Amino acid sequence: MRINMSGQIALVLIGVLLVLPYQSQGLVARSSDRGEKSPNVTGRWLWSHPNPNDGTTLMSYFEINQNGSLISGHAELPWGGTTEFAYGRISGSEISFRVGTGKSSVVFRGTVDGMKMRLARTEAGKTIQVKLSKLAAEKSNYPTGETLPVIRSLPYNGLAVTPPMGWNAWNHFHDFINDRMVRGVVEAMVSSGMRDAGYIYVNIDDEWAGERDDKGIIHSNRNFPDMKGLADFVHNKGMKIGLYSSPGPQTCEGHVGSMHHEDDDARTFAGWGIDYLKYDWCSASFVYSDKDMRAVYQKMGAALQKTGRPIVFSLCQYGRENVSTWGSQVGGNLWRTTPDVQDNWSSVLGIWESQHAIASANSRGGWNDPDMLEVGNGKMSQQEYRTHFTLWAFLSAPLISGNDPRSMSPSTREILTNHEVISIDQDSLAAEPLRIAQSGGVETWMKPLSGGGFALLFLNTGNHERLVKAAWNTRETEAPIEARDLWSHKNFIIPGQLEAVLPSHGVKLLRLPKSAKPPMSISTFGK
Ligand code: GLA
């Protein structure tokens, strides 16, 4: 076995990358031999993991050969290069192998469960987890030479008149999803008031798909034994159901994608009663170039429209190829404009900073999608979650909660069901936010609202509490300004000047009437 220089760099990078994903998924690998029969692991396995540089998905492949209890094979890394395995063993469901040689080698150890392999390695006292998914088709079998449709503009499907609202399994659950859990989430969305606050779509993300049969029909996997039954259940609760697929041969988690089966899948989804499709680029990058994206998405957009069922079409290609300029023409109702959101403040702030300038692309039926909400997932403060929710409302973003509604705290519920903030998000004007001042880490924004009033936002991006003083020119104002605080739910009069203490990463959000003007001057003070 040989490993060249780029292979060594790659292994160091593996070490760095391994720290990032799946840290919280509780994998335990034990090494006892219980004399169980080993599963057959020969085949191609996918490790998909977020790219720490831009949040897109990186895909590495592990080609595994099993000979009795011996494991050999190689890893293909996303940045190129192939690295062989050594010392591979499988005993019962427990597997281990070493990738590379010498100091830079990495030992993977864990368990196999059908099409999934959960591996771990320990580094600097930390257990780092990696999940592999067995691929449904070999990469070498990918069909090529596709004729893509001629570019045209599909008609508007009449959906998503305001930014779609709902829930999606991915941010909180990743692959730990099944029919029972989704039904539980639906019940919780009804009893908590989420449904009545507008969260209508219940979206199953990656990990529902099973095999495609000889007739080309896709089936759900054993975790979703009756997709039509689940859709009926959701519909009976007055809600709608969403699914997920990829224009490539595989989804980001290695399940079968819709490539060459767009019409088949659209018909299957419509037959099950699906109301929303998230269509994630993932492995499409192996068979198409970015320049093909518009035609590739148009293909599924047309297939969905052909079914005659109203299905919200959600494009997910991380904002590449200026998607907001053509998303609605391929039948899209929303299109991701960012890499994957993370449950931390710098991700939320980074997304806000990259998104407010392109919010003018929003209009009835077609929305920029800065990714789903992380509110309630535990790694930010309540203050930061309030700010996250407020900023998404200022962007007129789809509000797709990504938490576990079955166990949500009262404060998470209070944020997600704040109907006054939701009304800013859903406002029919969908106006872009306008920055009117910025000083001392405090930004002041306004968003014109239908009916002539506007929302006024003070945002403290800094790490310290700030005092904000906003002054109005009272001579021009005939009556005192009556304002509404959308987080404390109180009306109050602004007597020419407003003072507000903003905690670090905090906001103050007001709704002002048509008669009011924005403040004339804003000053901020350290506290
Ligand atoms: C990509 C998407 C995520 C999620 C995962 C599922 O990373 O951007 O939103 O759908 O794939 O594999």
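**Notebook: a look through the predicted model**

Glu-321 belongs to the loop between β15 (312–316) and β16 (334–336). I checked its backbone too: phi of Glu-321 is near 55°, which is positive although the residue is not glycine.

Asn-322 came next, and its place is in the loop between β15 and β16. Phi of Asn-322 is near 50°, again a positive value in a residue other than glycine. Is Asn-322 buried or exposed? I get a relative accessible area of 56% for Asn-322, so I put it down as exposed.

**Whole chain**

I counted secondary structure: the protein chain has 12 helices and 27 strands. There are 527 residues in the chain, and 55% of them are buried. For contacts with a separation of 6 or more, I find that 67% are between residues 24 or more positions apart. The chain exposes about 21,800 Å², with carbon and sulfur atoms supplying 49% of that area.

**Cores**

Which residues touch the most other members of the largest nonpolar core? My list is Tyr-199, Ile-204, Trp-208 and Phe-389, in a core of 93 residues. I then looked up Ile-204 on its own, skipping neighbours within four places in sequence. With those left aside, Ile-204 is in contact with Ile-177, Val-182, Phe-224, Met-227 and Leu-230, and also with Ile-241, Gly-242, Leu-243 and Tyr-244. Another core lies apart from the largest one; it has 20 residues, among them Phe-62, Ile-64, Ile-95 and Phe-97.

**Ligand site**

I listed what surrounds the ligand and got 14 residues, the closest being Asp-205, Asp-206, Lys-278, Asp-280 and Asp-340. By class, the shell divides into seven charged, six nonpolar and one polar.

Then I went through the polar distances to ligand oxygen atoms. For Asp-340, a polar side-chain atom lies 2.6 Å from an oxygen atom of the ligand. For Lys-278, a polar side-chain atom is 2.8 Å from a ligand oxygen. For Asp-206, an N or O atom in the side chain is 2.8 Å from an oxygen atom of the ligand. How much of the ligand's accessible area does the protein cover? The ligand has 310 Å² on its own, and the protein covers 97% of it.

**Asn-171**

I picked out Asn-171, whose place is in helix α2 (residues 170–173). Asn-171 has a relative accessible area of 12%, so it is buried; the cut-off is under 20%. What does the side chain of Asn-171 reach? I find the backbone oxygen of Leu-373 at 3.1 Å. Leaving aside neighbours within four places in sequence, Asn-171 is in contact with Val-341, Met-372, Leu-373, Glu-374, Asn-377 and Gly-402.

**Helix α9**

Last entry: helix α9, residues 345–355. Its buried residues are Trp-345, Ser-347, Val-348, Leu-349, Ile-351, Trp-352 and Gln-355. I reminded myself that an α-helix has 3.6 residues a turn, so residues three or four places apart point the same way. What do the buried residues of α9 pack against? I wrote down α10 (382–394), β20 (442–448) and β21 (454–460).

Technical notes. Residues are numbered from 1 along each chain as its sequence is written. This is a predicted model: local features need pLDDT of at least 70, side-chain atom pairs count only at pLDDT 80 or more; totals for chains, interfaces and linings use all residues. Side-chain values use heavy atoms; hydrogens and water are left out. A nonpolar core is a set of buried Ala, Val, Leu, Ile, Met, Phe, Trp, Tyr and Cys residues joined through side-chain atoms within 4.5 Å. Buried means under 20% relative accessible area, exposed over 50%, partly exposed in between (1.4 Å probe, protein chains only). Contact means heavy atoms within 4.5 Å. Helices (H or I, at least four residues) and strands (E, at least two) are DSSP runs, numbered from the N terminus. Accessible areas come from the Shrake-Rupley method with a 1.4 Å probe; for residues, only the protein chains shown count as cover. A polar contact is a pair of N or O atoms within 3.5 Å; within protein, one must be able to donate a hydrogen and the other to accept it, and residues adjacent in sequence count only if both atoms are side-chain atoms. A residue is near a molecule or strand if one of its heavy atoms lies within 4 Å of it. Ala, Val, Leu, Ile, Met, Phe, Trp, Tyr, Cys and Pro count as nonpolar, Asp, Glu, Lys and Arg as charged, and the others, Gly among them, as polar.
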